[in-house]
Amino acid sequence: MLAKVMEPDVAVQKKDIAKERRSLFIRRVWANKMVVIGGGIMLLITLSALAAPLITQFTPYDLEAVNRLKPPNATHWFGTDNFGRDIFSRVVYGARVSLAVGLSVAVVTGLLGLFIGMYASYYRVLDHIFMRIADGLMAFPSILLAIAIMAVMGPKPINVVIAIVIVETPGVARIVRSAALVVKEQTYVEAARAQGASSWKIIWSHIAPNVLTPLIVQITYVFSVSMIIEASLSFLGAGIPAPEPSWGNILYDGKSVIQTAWWMTVFPGMFLLLAVLGSNLLGDGLRDLIDPQSHQTKKS
Amino acid sequence: MKIYILQRLLSLIPVMLVVAIVVFFLIHLTPGDPASIILGPDALPEDIQALRKELGLDLPLYQQFFSWFSGVLIGDLGDSLYLDMPVLKAFTSHLAPTLSLAILAQLISIVIAIPFGVIAATKRGTTVDQFFMVFALLGISIPSFLLGLLLILLFAVELRWLPAAGYQPLSAGLWNHLKFLLLPAITLGAIQSALIARMTRSSMLDILSMNYIKTAHAKGLKEKVIIYKHAFRNAFIPILTVIGQAFGTLVAGAVVTEVVFNIPGLGQLIVNAIQRRDYVLIQGTVLLIAGTYVLINLLVDLLYGIVDPRIRLNRK
Amino acid sequence: SDDAGKSGKNEKGGTLNVAYMAQPPTLDPHVTVSVATTDVGRNIFETLLAFNERNEAAPLLAESFESSEDLKSITFTLRKGVKFHNGKEMTADDVVASMERWKVLNGKASTYFSKSEFVKEDDYTVTLKMDKPFTIAKYILATNINFPAIMPKEVIENAPKSGVKEYIGTGPFKLEEWKQDQYIKLVKNDDYQSPRKEPDGLVGKKEAMVDELYFHMVPDASTRTAGIQTGEYDIALQIPYDNVPAIEGDPNVEAMTHPEGFSTVVFNKRNGLFSNEKARQALNLAVDKQEVMMAAFTDEKFYTLEHGLLTKEYVSWYREQGKEQYEAHDPETAKKLFKEAGYNGEKLKILTTRDYEDQYQIAVVIQENLKKIGVKSELQVYDWATLMEVREDDTVYDLMPMGYNPVTDPTQINFLDSRIHYTGWSNSPEMDQLLDELMVAPSDEDAKEIFGKLQHESWNYLPAIKFGDYDSVAAIRTNVEHFEMFHGPVLWNVTKSKK
Amino acid sequence: MEQQYEKQEPLLQVKDLQKHFRITNPLGKVTGHVKAVNHVTFDLFEKETLGLVGESGCGKSTTGRTILRLTEPTSGTALYKGQDIFSLKEKEFMPVRKEMQMIFQDPHSSLNPKKRIGFSIEEPMKIQGIGTKTERTDKAMDLLHKVGLRKDQYDRYPHEFSGGQRQRIGLARALAVTPKIIICDEPVSALDVSIQSQVMNLLQELQEEFGQAYLFIAHDLSVVRHISDRIGVMYLGNIVELAPTDQLFQNPLHPYTQALLSAIPIPNPRRKRERIVMKGDVPSPANLPSGCVFHTRCPYVMDRCKSEVPTTIQGANGHQVACHLHM
Amino acid sequence: MSIQPLLEVKHLRTTFATEQGPVAAVDDVTFMVSKGETVGVVGESGCGKSVTSESIMRLLNEKTTTYEGEILFEGRDLLKLSKSEMRKIRGNKISMVFQDPMTSLNPVQTIGDQIAEVIVIHQKVSKGTALKKAEEMLKLTGIPAPEKRIHEYPHEMSGGMRQRVLIAMALACRPKVLIADEPTTALDVTIQAQILELIDDLKSELEMGVMMITHDLGVVAEVCQRVVVMYLGQVIEEGGVETLFFNPLHPYTKGLLKSIPQIDGDRTEKLHVIKGVVPPLTAIPTGCRFAPRCAFADEQCKSSTPDLQEIGNGQKVRCWKADEFLNKEGHGQNGATV
Ligand SMILES: Nc1ncnc2c1ncn2[C@@H]1O[C@H](COP(=O)(O)OP(=O)(O)OP(=O)(O)O)[C@@H](O)[C@H]1O
Ligand SMILES: Nc1ncnc2c1ncn2[C@@H]1O[C@H](COP(=O)(O)OP(=O)(O)OP(=O)(O)O)[C@@H](O)[C@H]1O
Ligand SMILES: [Mg+2]
Ligand SMILES: [Mg+2]
Ligand code: NI
């Protein structure tokens, strides 16, 4: 009873199905307003950050002390700051730093959180150890951690990232862990075990793909939160070491002149807000998108 | 029940140990030296050395750790190097403003967030839903130092409704107490309410698709009754977790907000302690904050039992 | 501007609220150089000598003082009937105990007076006996930082090393309450015995005009600004320069500028490029001092381009030497000099902090100025506490912008003296020699002459570069009268009308 | 097909199997033990189908899962071809896994929603190191065909299949490593009648072709009757009766079996039977009754039932029962 | 006809707005329930049984659902009532018991409160009185010690008890019609027997009409007087219970009956299989909906849709070949092997 000859139209059919699936996917993406809007915003910001040298006339560092705190005008579209630097270029270059911080924190916490969460959910002993450490870290005042890390390791952007990663990872790990605990009880995990799959395989091939949904949502949240944290760290003097512009330290510089130079706060603030909004929309939308089951009506 | 609480309290020990070790070595490895801070920027090296010796900072690190930790074990957290008081006293005197602020902020965020979340959930997919959720997002998109400052400029400097900054204890009268806390509480509440509103929405959505909601509809109940009496109480359980955690972080110190509004709370205590490298105070405060945090979580867990009969501890 | 009657000025009583930046570590002026301790402590404690408006050492608790012929001793005659806050009268015993303790605890005093002794002659006479002539001793005794407060003998005897715990002085205010990190509350000392002469700097007639004086600890500058606008504070110190327009636009508040200190950049002269004198000169030529001061202090209103280490305010110390070097600005030559000094493309490390925004801004400008002549550099930004430690390491930095409080005599300029191992590690036998000569100069006039040479030498050796003097801004509600800034806020004699 | 079981060496011998779970409340506190499996003893012979019936929650799935060591037993032994599989290390157990496979109760959760079904079917072969990549793919396609699916469905995702189809994919996965025993955990109870019959027929056909033994777990007696050679009846973690199928239906000995048989609704409106309606609910396995676990609902309860645990007695033709009525 | 119809569903069509466009989960469903009668609704999973019942109660999401046709209850068309009028009927005149007792009760309310709630809103009595009534209802459903039970929470009860609580809740206002949507599928057979008996007893006592939704033909045979068979959103056959079991006309009904393993059937015989699968609602075949799976289908079946036609004896069937089958086989020869 071996393989019968494939029906001739199977190949054609396969292509059609793939095409149809793709078009359905595209339709779903379009239908999902959150993804479109959020993705659009993020794309725009990212592109302008990447194209920063092309769209700005000034470097973000050029000082012009006589030109300090000039309101927006034809040469300085967003005005100048307290050093006479062009805010537009600082905001656009600042997007690089802020997005880089957000992105690297999101990626690293995502990976770490996934790793810790997965193993904690799988091994009871590790669970106790990891979760006690997580408890400890969560109970730890995060600002202290950040300042201490910056002080110990030196004021570099990478250390800002490390500090925020340490603060944010326990939360992500917990989310992954609780999702994984649910997935772990699913029959298909048991099925894999019944076949003798190794723990490694079960964890990474069966459980992990199924905790991605909450992870993605959490990561987009971390992405935006870390940009805000970076700003707060600037406020406490432990942020991205200037003169490197970041939205956080532009905002902080602007804070003291908020009554006289609104443009120093409004523009970076607006960009920060847009990025946070965009990434959250994108995250929520992606959740709906990558989870086809959520679109299906319930089964019997 | 008692045994359970006891077990939970025992589980505090490893957490505290982790925190103690981390904080001690973190802070001692951090450059900066309490002696030179106390003596000021123009102090001479000899003076600083002398003070270091007096404060016991010249001993090997492990020796310092053990002498500190053995004190902690018998309940002696030591005296602040900078503030002229025992750590415990510094902690308790800074706890009250923080607690007041945290409670008020939490109340504000709950009052805003829960209706937002519930309405957004019941109107899922509509413009109302999207509007509320975007509004909630605004709360987390503005750094708190900025939001705080804007509130000060609007309500204190422009409108003169509320004081710009500072703190009055409850003993100075309720209104006196509250008027200083209102703006910072709104600042913090805005952030928290964003989180809580989102959680409320998704939790409500889960519950609204439950079978017992259908049962309630089939009984002929009004929509409002179903949402608030049947759905909300069930949806509240995960919300409670978020609230508990949020409260925990608030108590651990809303550093930035406390600095902006000059509230003498734990956040300021710890930031000042860090800036002054007040080792003993940092160590002690962090330990106590961690303890408080764990206790709050325990409290939240016990609250679960009240909200959800399935988790009542004293029943079989 | 005494305009009594118009709006009930010169009223007595009331509460004065001062928004202050940071809490002092202790109120014991003997143990700390903290400015906060001075600003608060001078209301509680007084000294034998203090500065008058011309920055001369003048008697305060002393009725008078007199140097001996050989300049090896100074005799102080105490004022009679001066009472401590605990009701006890101040006598020579208290003075000797206090001065002896200060002599040990104050770094400079312990260097200069280690072989000297305060001796009680009678209940109202104390003599300082020194091992060698010491002309400028009186300036050191009049110092306002880490100052020799006179406290009761018993308090001194019971004092722990970290500082006294009972703050009992003779000043116009008494300490009532210290709420850590919130406020320090002082109340009027009803038994205060004021010097009789007219008010003159920190000496002369003093009187607490308000009943209560609060120092509120408000670390955030924007909050101090907002608070003075809402009337929560009557006086707010260190208002950001950029907030001055907002303050000036408010009819109820006025801004007051006052000398705050001078800005420098300190070189690491032990290691790296700047151990070479040529490199230091190159930097002096490369940096536009105008631009530096502008960036840090925003407006000419708030700074003066000034080469003198002791400025015109210190009328008698002012010297012209070094002006030429100060004014030189020549990036091209600088570039050449850097090359000659052996600069070959490495990144210079500029150490700074954001806790003092002006220092940070100076660092940014230096970096930009260097960039223009092809010298690379990077900022190492730390929090203040860390910076304090990091700067003690002679391998981690090349340059460090630093601000200094106004100094009242040359010995207070840390970077001049090699022997105190101050960060930057000056090593100039010539300057040390001049300092020694200055201290034993036969007269004030001679001392000042030697100081001129010292200043000249300093501008050649360049242990640090002075960029200029700067002012700070205090904001005062208009119903507050007679407030002035003189080496810090002077809060006695200040009145507050109800408006 | 009556067999002479006594003469044959059993493929699998389960003796006195026990499995207790700890119950914890959502906050992690242990509040008691679920005695899911208490006393389970049976033999499974080559090429036979042993049915295991009982109400929901009586421990059928747990029995199956424990034998496969998906959960560790509390006590008892299981001999596979004479070898005690509970004492093996996980590594040593690997080759046995190849010979014992399972079809899971819930077709909706037994396939990884994020993996193509081809992957799921090939996975057991890959784990056991059977064949090359292409051989495995061929075999998977072949199996798809065997269980009545199309080969081009190889790279579809589970959510694109109906429940019956998923159950067949589960079957294909179980067959991928040519097992000797397949534990079928309610393979049809989640399915509609019309699909149920397809799967049952398929199971029978495959048994004829490959000759595996089935441990067929279900709660629907008519389904079990149709497919099994022998049937064990479970109640609260105990096998209360075990007999060849026809014998069990003609002569049920245990009062529980009797009640169960009479409670099955018969799709025939003309046959109104005398139903044995039992009092009360099934006790919770966390709080087992003393003595005979059935005594709380038994219509024939005697005093000794309440205190004394009945032993299992062997009747003629391998008919076993545990009841004081038949001592 | 002598019996008075209580509830009449006429040409009901329920359409959902979905991502793939509108989907009619129920399309042209007609049947009625009379006083004191139990009508079984059978059909495999997904054929629209629940949607039908929830349409009657108007429980479906108002925003995405449109109803066409009529649902007459005591002469009034439920689909035309205002929301508040509908609320007065739900739980009062028409009640519903759902499939899964484990999840159909609010976990954070005592069962007493949950039962009392429905009494309070519909009968406008005090909470105390309502609780008394709740206790009575629980007693009626055979729960021992109801005075204690009303203070307990759902998780403290077994599945059978919870289902009884749900029934007590549904019957608390003595409704005219009870809709039971697979009330026993989650329960054990022995408990199922108890529950079915209970519903049957209460039906007689309260003179209700019962709509019993199930896919278990055994249950239908035991408790129903009339049966409605659904396939892919349509009623394809309807008739008295005996007629349907012994003289089914529609090929689907026949197939369904044959594929059930009989408890006393021949074990060596292979089970009957209805070939093919139910097509999704988004790809409903033209013509007779069963045609792609039907052994007898011809061109007419594939091209045009048959109507539900009355055959006589209360039997209705939706099949082009109904007459043919009737003539060829006659009554009494098909269906279940007895
Ligand atoms: N992992 C577990 N932890 C705790 N209790 C469990 C666990 N697995 C099963 N149980 C309990 O053990 C008992 C037996 O469960 P099991 O799944 O074996 O029953 P079953 O006979 O297969 O029932 P069903 O017909 O519903 O599948 C039940 O009371 C169940 O709640
Ligand atoms: N809200 C909805 N939106 C879209 N389709 C729906 C919706 N609700 C139900 N359906 C579809 O309508 C069809 C009928 O569903 P229904 O729940 O009535 O089936 P059923 O006969 O009750 O099945 P079961 O026996 O599984 O309960 C199914 O295909 C289902 O997917
Ligand atoms: Mg099972
Ligand atoms: Mg249904
Ligand atoms: Ni058969």
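Helices, as the term is used here, are DSSP runs of at least four residues, numbered from the N terminus. In this predicted model, chain B is built from 13 helices and 0 strands, so its order of elements from the N terminus reads α-α-α-α-α-α-α-α-α-α-α-α-α.

**Chain B as a whole**

- Along the principal axes, the C-alpha atoms of chain B occupy a box of roughly 85 × 60 × 35 Å.
- Chain B has 316 residues, and 60% of them are buried.
- Of the contacts in chain B between residues at least 6 apart in sequence, 74% connect residues at least 24 apart.

**A nonpolar patch on chain A**

- A:Leu103, A:Val107, A:Val108, A:Leu111 and A:Leu112 together form a nonpolar surface patch of about 430 Å².
- One of these residues, A:Val107, belongs to helix H4 of chain A, which spans residues 87–122.
- A:Val107 is classed as partly exposed because its relative accessibility is 45%, and partly exposed covers the range between the 20% limit for buried and the 50% limit for exposed.

- Side chains of opposite charge can pair when their charged atoms come close.
- Over all chains, the salt bridges number 58.
- One of them joins E:Arg13 to E:Glu68, with 3.6 Å between the closest N and O atoms. E:Arg13 is in strand E1 (residues 5–18) and E:Glu68 is in strand E4 (residues 65–73) of chain E, so this pair links parts of the chain that are 55 residues apart in sequence.
- Both partners are partly exposed: E:Arg13 has a relative accessible area of 29%, and E:Glu68 has a relative accessibility of 40%.
- E:Arg13 and E:Glu68 also take part in a network of salt bridges that includes E:Asp27 and E:Arg289.
- A salt bridge also connects E:Lys80 and E:Asp77, whose closest N and O atoms are 3.2 Å apart. Here E:Lys80 is exposed at 67% relative accessibility, whereas E:Asp77 is buried with a relative accessible area of 10%.
- The side chains of E:Lys316 and E:Glu238 form a salt bridge with an N to O distance of 3.9 Å. E:Lys316 lies in strand E12 (residues 315–317) and E:Glu238 in strand E10 (residues 234–240) of chain E, so the pair ties together parts that are 78 residues apart in sequence.
- Within that pair, E:Lys316 is partly exposed at 22% relative accessibility, while E:Glu238 is buried at 3%.

- B:Arg160 has a positive phi of about 60 degrees although it is not a glycine. This arginine sits in the loop between helix H7 (144–158) and helix H8 (174–208) of chain B.
- B:Arg160 counts as partly exposed, with a relative accessibility of 40%.
- E:Glu207, likewise not a glycine, has a positive phi of about 55 degrees. The loop that holds E:Glu207 runs between helix H7 (189–206) and strand E8 (209–213) of chain E.

- E:Ala172 is placed in the loop between helix H6 (159–171) and strand E7 (177–181) of chain E.
- E:Ala172 is classed as buried because its relative accessibility is 3%, and the class requires a value under 20%.
- Apart from neighbours within four places in sequence, E:Ala172 is in contact with E:Ile115, E:Val118, E:Ile119, E:Gln123 and E:Met137.
- The C-alpha atom of E:Ala172 is 7.7 Å from that of E:Lys133, a residue 39 places away along the chain.

**Contacts between chains**

- There are 8 pairs of chains that touch, and the pair with the most contacts is chains D and E.
- Chain C does not touch chain D, and their nearest C-alpha atoms are 40 Å apart.
- Chain C does not touch chain E either, and the nearest C-alpha atoms of these two chains are 47 Å apart.

Methods: Residues are numbered from 1 along each chain as its sequence is written. Chains are lettered from A and ligands numbered from 1 in the order in which they are written. This is a predicted model: local features need pLDDT of at least 70, side-chain atom pairs count only at pLDDT 80 or more; totals for chains, interfaces and linings use all residues. Side-chain values use heavy atoms; hydrogens and water are left out. Helices (H or I, at least four residues) and strands (E, at least two) are DSSP runs, numbered from the N terminus. Buried means under 20% relative accessible area, exposed over 50%, partly exposed in between (1.4 Å probe, protein chains only). Contact means heavy atoms within 4.5 Å. Patches are made of residues with over 30% relative accessible area and no salt bridge: like charges are joined within 9 Å, nonpolar side chains (Val, Leu, Ile, Met, Phe, Trp, Tyr) within 5 Å. Accessible areas come from the Shrake-Rupley method with a 1.4 Å probe; for residues, only the protein chains shown count as cover. A salt bridge is a side-chain nitrogen of Lys or Arg within 4 Å of a carboxyl oxygen of Asp or Glu.
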